[in-house]
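Hello,

Here is the structure we talked about. Please look it over, then read my notes below.

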Amino acid sequence: MCKNEKPINFKPPRQKAALDDLDQYVNMAEGRMSRKVFWERDIYEQELEKIFARVWLFLGHVSQIPKAGDYVTTSMGEDDVLVVRQKDGAIKAFLNTCPHRGNRVCFSEVGNARGFICNYHGWSFGIDGALRGMHESGAYEASGFDKSQHGLHEVAQVDSYKGLIFGTLDPAAPPLKEYLGDFAWYLDTLLDMDGEGTEFIGGCVRSVMKCNWKFGAENFAGDVMHAGWTHDSGAKAMLGGAVPELDKCAGDSYHVNVNGHGWEFNLDKVGNSATFGDKEVRRYIHEIQPKVAERLGHTRSMMIGSISSATVFPNMSFLPGQNTFRVWQPRGPDEIELHTWTLVNKSAPEEIKERYRRGTMITFSPSGVFEMDDGENFEYSTRSNRGRVTREQDLFLGLGIGTRIEHPELPGNVFQGQINEANQRAYYQRWLDFMKAESWDELPQR
Amino acid sequence: MTKKVFLIKAAELRPGCARKIDIEGGDLALFNLEGKFYATSNLCTHATASLADGEIVGGDCVACPVHFGEFHIPTGQAMSFPCTVDLRTYKVIEEGGDIYADLDEESEEAASAI
């Protein structure tokens with residue numbers, strides 16, 4: 001969308017000044033941070049404005065809405081949105097609220113519609129968001145009502161990267177490509193293995209966790225360390241053995257980050273996939289790896305199913321190999337709605353797609369072996385901060401300070417060894433950058 | 001009495017399509033249902049909307065583009081919420097390749113409907 005085509009019917013949030021003395025909360029040079037960012041309401045309200053109302057947020061996958069009128073509903077921060085395929089193939093998104101009295105206009109998660117009619121007073125909107133008519137329209141016409149000024153509030157910018165749809169509520173946000181930057185090089189590892197694209201299968205699984213939204217996001221950005229401890233029993237059940245001690249093979253493993261987006265990985269090709277306990281999925285990874293190497297080079301071909309995890313700042317995460325994609329949707333400082341999907345290569349055999357679907361369900365769903373382990377940790381990491389004195393005590397994030405390296409192939413900031421907290425530090429540094437910046441121009445490149 | 005007015009050439013409106021046509025005193029909607037032509041008043045009887053912009057559903061009904069209420073095209077009958085008032089229908093006359101409406105007569109289906 002061109003900058004001069006700003007939606008008529010959209011007001012950005014009133015920008016409040018940044019909170020005072022934000023540096024007290026995050027000191028990444030020393031590797032420590034305040035627990036208050038996981039609990040205090042005024043900080044949370046600022047996150048909604050300074051982060052969620054500005055950055056590019058994940059909205060869905062193009063495969064969910066192939067035809068005109070196909071839609072999904074989701075949220076951007078706590079703003080509910082409706083994402084709709086247009087007649088010309090473009091994708092638009094709107095706040096899922098009627099401009100008349102504010103009622104929700106679409107109640108289902110996914111579907112196809114000719115348009116959206118508000119249940120309250122019968123305001124009817126086209127799939128392009130335009131107000132088409134109202135119940136008792138004659139009365140509005142008699143009072144000089146101009147329908148063209150009262151369409152759905154349109155999300156300022158929507159774009160996609162190799163199948164993943166993102167939107168931003170900020171007309172001044174830089175283009176998506178710039179927002180992803182060099183991180184797109186890593187994303188291609190999952191999104192562009194063979195040039196035939198990817199798809200989401202099996203719908204969206206939604207669950208609620210009583211945790212701060214950043215705990216999930218930072219965990220996926222860089223925390224493989226927890227796997228060998230938290231997931232020990234799960235790994236033994238699924239793999240028949242413990243998670244390897246990853247620091248003992250640090251030469252071939254990395255933390256990389258770009259502007260707060262983080263990916264931790266090693267080059268074992270199949271480690272994450274193995275947690276399904278399904279040898280057909282492992283066989284599939286081994287089979288496709290040589291072709292991926294031809295297209296993306298050897299290094300990325302060894303990342304397609306390896307022990308790894310990633311987060312696109314601020315709240316979209318995924319696990320290569322298990323192929324769970326997820327958004328940690330904030331619902332207050334101490335609650336999230338977790339939305340998850342399963343991504344597969346379009347070209348994969350149907351039987352393999354089904355094995356991925358089952359695999360993500362038994363590992364990373366509300367009843368998944370590993371998700372249950374994580375949820376408990378995230379919830380208590382959040383809840384202990386209700387203690388007024390506890391909340392004053394800083395947290396340690398200093399693991400791996402000094403491990404930065406120059407790498408001949410890997411773009412972004414590269415750190416040696418995936419047992420590290422470099423990506424978590426980069427994540428919270430980016431959080432701090434956004435919380436402080438009044439405009440995009442003030443944001444440093446990281 | 002007949003008030004016969006020329007509408008369009010039959011070849012100009014394909015089966016499954018509708019068109020708004022200006023006549024004196026308002027618009028009518030002309031529908032081609034599998035080769036048979038039907039004419040009704042074009043304005044939805046519920047709220048301001050052009051039924052010729054609606055979608056033909058179930059073979060012989062039109063869904064209003066605004067609130068998706070439906071009318072039965074041959075008889076003009078209002079079929080579903082929020083529509084309660086029937087459409088006016090017009091008798092369609094085909095002569096050669098030309099389509100006319102008699103603005104003083106309703107459709108045969110409407111005339112014979114209970």
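This is a predicted model: local features need pLDDT of at least 70, side-chain atom pairs count only at pLDDT 80 or more; totals for chains, interfaces and linings use all residues.

Residues are numbered from 1 along each chain as its sequence is written, with chains lettered from A and ligands numbered from 1 in the order in which they are written.

Chain B has 1 helix and 9 strands (DSSP runs, H or I of at least four residues for helices, E of at least two for strands, numbered from the N terminus). From the N terminus on, the order is β-β-β-β-β-β-β-β-β-α. The C-alpha trace of chain B spans about 40 × 30 × 25 Å along its principal axes.

Chain A holds an open sheet of 9 strands, ordered β13-β19-β18-β17-β16-β15-β14-β22-β21, with antiparallel pairing (two strands pair if DSSP finds at least two bridges between them). β13 (198-209) and β21 (404-405) of chain A are at the edges; each has a single partner strand, so one side of each is left without a neighbour in the sheet. β16 (308-312) and β17 (316-319) of chain A pair over 3 bridges, in the antiparallel sense. A:Ala310 stands opposite A:Phe318 in β17(A).

Now the interface. The contact takes 12 residues from chain A and 9 residues from chain B (contact: C-beta atoms, placed from the backbone, within 7 Å). On the chain A side, β10 (131-133) and α2 (137-142) each supply at least two residues. The largest share, 3 residues, comes from α2(A).

Best wishes

Definitions and conventions
Two residues are in contact if their C-beta atoms, placed from the backbone, lie within 7 Å.
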